[in-house]
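Open the model in your viewer and keep the selection tool at hand. We will go from one stop to the next.

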Amino acid sequence: MSAVVTVLGATGSLGRSAADVLAAHPDRFRVEAVVGGRDAPALAAAARALGARFAAIADPNAHDALRAALAGSGIASGSGESAVLEAVARPADIVVAGIAGTAGVRPTHAAVSLGRIVALANKECLVCAGHAFMRDAASAGATVLPVDSEHNAILQALGRHEAAEVERMILTASGGPFRTWTRERIATATLQEALAHPNWSMGAKVTIDSATLMNKGLELVEAHHLFGVPVEVLGVVVHAQSIVHGLVSFCDGSVVAGLANPDMRVPLAHCLGFPDRIATPVKRLDLAAIGRLDFEEPDLDRFPALRLAQASLAAGGGAPTILNAANEIAVEAFLQGRIGLFGIPALVERVVERMHGRNDPSPPASVEEALALDAEARARAREELLAVNSLH
């Protein structure tokens, strides 16, 4: 019997990778619904290619264009948040959660609340609302499988072992485009230089997070919630080749690592086929051809965003929520040319310091509470940004 799949974020790079895996196994999967943001032609093309029964576009102004693009296909459509939630509510075994940012939190939370298998690619669910999200997933009997290559590698390395058997859980970082740059040179980096990631093709926001290493800090928060390990067990190592994605060191002294060529179809196939293995057309790993694998400690002086994220994770409570929200505003400001690269961690640090001390030390008790704190932190970050800009 075919597994029924819904794809949230079908028009993004992750959605396109998911479509490649699904299309390679037409007898194994049937697509119920696809969801996109505002690109009606791309969403209609995805719906037609995957044989979806329903397509939802988040932007209500794009619904007419979506209907026109789907004319004659027999595929139903809707728009706005209600249509996105309708797509989630339709019968499905697996939901690929690929909507980026806080826009993806409510629909992904709705999917886990229905007890679905969720292939999770949305960071905010765990960074913004990890405690509540994982609690609700467990209560509903949902299965959360990480799509991020690092967490997926950790999941595979863990196997059936318990968190209590783990001594260290290490995420690898490519180091981004500035891995070998001096702090002085990084300070003058242009937008084009920051967007030139050496290994991965990603959206602008994620690429900038990779350049500052904030992405790795956010991934530590995710790992804490996904795998239930103490903060002190988690670590980061820089690995420029992006071949080893994650490592688990066990109490007996053995280390198990997850290796693959950098291609999102690998972790997607693992999640979609879980617990089985399904074939992908990705390039196979040839270690002899690679010749060597290099590792180094991250430099927290040159990449202070990682230090901030580690400190927020250790502080707990709402600190990671505030950190993530402030970072989104700071990255947006950098993309607009309003601040330099080091302005990102500087702004984030100010917002976290000024908000976290007066907040309840416990984590947000619900997803809605987390989203409210996120909105408050964004507003505070915008105020801080205006104050900084007014000085220039």
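Start with helix 16 and helix 17, whose crossing is right-handed (the near helix is turned clockwise from the far one by less than a right angle). Helices (H or I, at least four residues) and strands (E, at least two) are DSSP runs, numbered from the N terminus. Select residues 319-335 for helix 16 and 343-356 for helix 17. The contact (heavy atoms within 4.5 Å) includes Ala326 and Phe334 of helix 16 and Leu347 and Met355 of helix 17.

This is a predicted model: local features need pLDDT of at least 70, side-chain atom pairs count only at pLDDT 80 or more, and totals for chains, interfaces and linings use all residues. Residues are numbered from 1 along each chain as its sequence is written, and side-chain values use heavy atoms, without hydrogens or water.

Next, select arginine 378 and glutamate 328. Their side chains meet in a salt bridge, 3.2 Å from N to O (a side-chain nitrogen of Lys or Arg within 4 Å of a carboxyl oxygen of Asp or Glu). Arginine 378 sits in helix 18 and glutamate 328 in helix 16, 50 residues apart. Arginine 378 is buried at 12% relative accessibility. Glutamate 328 is buried too, at 16%. Buried means under 20% relative accessible area, exposed over 50%, partly exposed in between (1.4 Å probe, protein chains only).

Move to glutamate 32 and arginine 90, another salt bridge, at 2.9 Å from N to O. Glutamate 32 lies in strand 2 and arginine 90 in a loop, so the pair ties together parts 58 residues apart in sequence.

Last, pick aspartate 263 and arginine 265. They form a salt bridge, and both are buried.

Definitions and conventions:
Axes are lines fitted to C-alpha atoms, for helices over the stretch in contact, and angles run from 0 to 180 degrees between N-to-C directions.
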